[in-house]
Amino acid sequence: MEPVCENRAMSVFTHPGRHRVAVLVRHGLLPFELGIAHRLFGRAVSAAGEPLYEVVTCALIPGEVRTDSDVTMNVAHGPEALAEADTALVPAANEPDAPQTEGRLDAPLTGAFARIRPGARIASICTGAFVLAAAGLLDGRRATTHWQEADRFRELFPAVALDPDVLYADEGEVLTSAGDAAGIDLILHMIRRDHGAAVAGEVARGSVVAPHRDGGQAQFIRRPVPERRGGSTGAARAWALTRLDRPLSLRELAARESMSVRTFSRRFRDEVGMTPVQWLTQRRLERARQLLEESDLPVDRIAADAGFGTAASLRQHLHTALGVSPSAYRATFRGSAARP
């Protein structure tokens, strides 16, 4: 007989004003994935320096949880924490269980997921996506998981629109990410979505990680180490970042590295995982979002400063990337910045 979790009169969360994140761990936990949830959400603070999130770890049964290494975790909270969470996060587990072998939830997981309140955001890291899929949360939705598990995932969950090539997939209230480090990208994306690029950027800087990798970026680059004989494209990228407000041609970027356009384009994709044009568009969107959040500049001025040229072009790119207009984006994040 399984132990019955004690009904607790007091909340497991102790700061009512903060966004509550419950991380549901299972035997075979990867400590790295639990660590990044606490580290990244824990570093997000308001302009006044107040923490924006409270993170608690919970297990199907409180107590000792095995990891995939030679240490164990002592988890104080049971699945009751999920009932209070604004975001429920499910990391991977390296011990086979019903979601990963049979495509279904066992009784403890079924009971845990039944506690998640309507409207809560649910996200997974790596093969945690198997749990979300087994719960039926991904049917008809776009999702991702670690590329090495794609075939098994498709076999178990044919109703899910699996994209094994991307870092993460955002379907609104349900989000999934690829292998371990992509969890960093997903959590930064959620912080950015909640509180804007400035807050997410500070979290990234404090943790010394890339401030933004778009969800559509490839999970891995087939030739991650460029050949040394022709140099790299790093200097051209650094140069371009200081000139986002002006037109930048591929020929001009290639000339910074004394390469032909063809060689530069190939080397750039090998190093960054996307084309120079895609990379420039992402950097310009980041700049525009920062200006929308932090300044009172009119949209046409922001469009010019970010290199989009016109307000219409900025609107089109922002709507394609985020589904919102510049004015709606500004209202959302300037408003959230003003809230305690």
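What share of the contacts in the chain with a separation of 6 or more is accounted for by residues 24 or more positions apart? Such residues account for 66% of these contacts, a contact being defined by heavy atoms within 4.5 Å. The structure is a predicted model, in which local features need pLDDT of at least 70 and side-chain atom pairs count only at pLDDT 80 or more, whereas totals for chains, interfaces and linings use all residues. Residues are numbered from 1 along each chain as its sequence is written, and side-chain values use heavy atoms, with hydrogens and water left out.

The chain contains 14 helices and 10 strands; these elements are DSSP runs numbered from the N terminus, helices being H or I with at least four residues and strands E with at least two. Of the 340 residues in the chain, 48% are buried.

The largest nonpolar core comprises 37 residues, among which V23, V25, F41, I187 and I191 touch the most other members. A nonpolar core is here a set of buried Ala, Val, Leu, Ile, Met, Phe, Trp, Tyr and Cys residues joined through side-chain atoms within 4.5 Å. Two or more residues are given to this core by each of strand 1 (19–25), helix 1 (31–43), strand 2 (53–59), helix 6 (182–195) and helix 7 (197–207). Helix 6 supplies the largest share, seven residues. A second, separate core of 32 residues includes V12, V90, A120 and I122. When residues up to four places away in sequence are not counted, V23 touches L34, A37, V55, V56, T57, C58, L89 and P91.

Helix 6 and helix 7 pack at an angle of about 145°, with axes 7 Å apart. Axes are lines fitted to C-alpha atoms, for helices over the stretch in contact, and angles run from 0 to 180 degrees between N-to-C directions. In this pair, L188, I191, R192 and H195 of helix 6 meet A197, V199, A200, V203 and A204 of helix 7. The contact residues divide into seven nonpolar, one polar and one charged, where Ala, Val, Leu, Ile, Met, Phe, Trp, Tyr, Cys and Pro count as nonpolar, Asp, Glu, Lys and Arg as charged, and the others, Gly among them, as polar.

The axes of helix 8 (residues 234–241) and helix 10 (residues 261–272) come within 10 Å and cross at roughly 85°. Helix 8 is therefore roughly perpendicular to helix 10, a class that spans 65 to 115 degrees, with angles under 35 taken as roughly parallel, over 145 as roughly antiparallel and the rest as oblique. G234, A236 and R237 of helix 8 make the contact with F264, F268, E271 and V272 of helix 10.

E252 lies in helix 9 (residues 250–256) and is partly exposed, with a relative accessible area of 24%. Its C-alpha is 9.1 Å from that of A236, 16 residues away in sequence.

C126, in the loop between strand 6 (121–124) and helix 4 (129–134), is buried at a relative accessible area of 7%. S258, in the loop between helix 9 and helix 10, is exposed at 70% relative accessibility.

Note on methods. Buried means under 20% relative accessible area, exposed over 50%, partly exposed in between (1.4 Å probe, protein chains only).
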